[in-house]
Amino acid sequence: MLFQEKKKIEKQTDDLKKSDPFADPNHASDNAAVDTDVREQVGHDTIEAEIKALQRRLNDIELALSKMLKGKYGICERCGNPIPIARLKVLPEARYDVDCEKKLRR
Ligand SMILES: [Zn+2]
């Protein structure tokens, strides 16, 4: 399940990179009007932010995968209690149980 999730995110990152207007090889040489450039800039920034968010998830998933190899997957990193399966189904890369997650976010 984590491997699938990882592949999915890697694909999403790829697609996002392709849809970045700055990735267009014609971008630098086109004589687009200023408003087009602004639009491209906004699109570029949005995509950058989305890619960063995806990469954060990817990091968490890789961490979860390495924990799985060590037999420590599904254990809360903060209190050491097992993370409920229901939570892992929704968020396979979860590092903490719900209680600890809430405390850490505060
Ligand atoms: Zn915990």
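Does Val34 count as buried or exposed, and at what relative accessibility? Let me put it as one question: at what relative accessibility does Val34 count as exposed? Val34 has 64% relative accessibility, so Val34 counts as exposed; the cut-offs are over 50% for exposed, under 20% for buried and partly exposed in between, with a 1.4 Å probe and protein chains only.

Hi everyone. This is a predicted model, where local features need pLDDT of at least 70, side-chain atom pairs count only at pLDDT 80 or more, and totals for chains, interfaces and linings use all residues. Residues are numbered from 1 along each chain as its sequence is written, and side-chain values use heavy atoms, without hydrogens or water.

Val34 sits in helix H2; helices here are DSSP runs of H or I, at least four residues, numbered from the N terminus.

Now the inside. The largest nonpolar core has 10 residues, among them Leu2, Ile9, Ile47 and Leu65. Such a core joins buried Ala, Val, Leu, Ile, Met, Phe, Trp, Tyr and Cys residues through side-chain atoms within 4.5 Å. Helices H1 (2-19) and H2 each supply at least two residues of this core, and H2 gives the largest share, 7 residues. A second, separate core of 6 residues includes Cys76, Ile83, Ala94 and Cys100.

Cys76, in the loop between H2 (34-69) and H3 (85-90), and Cys100, in H4 (residues 98-105), are 24 residues apart. Both are buried.
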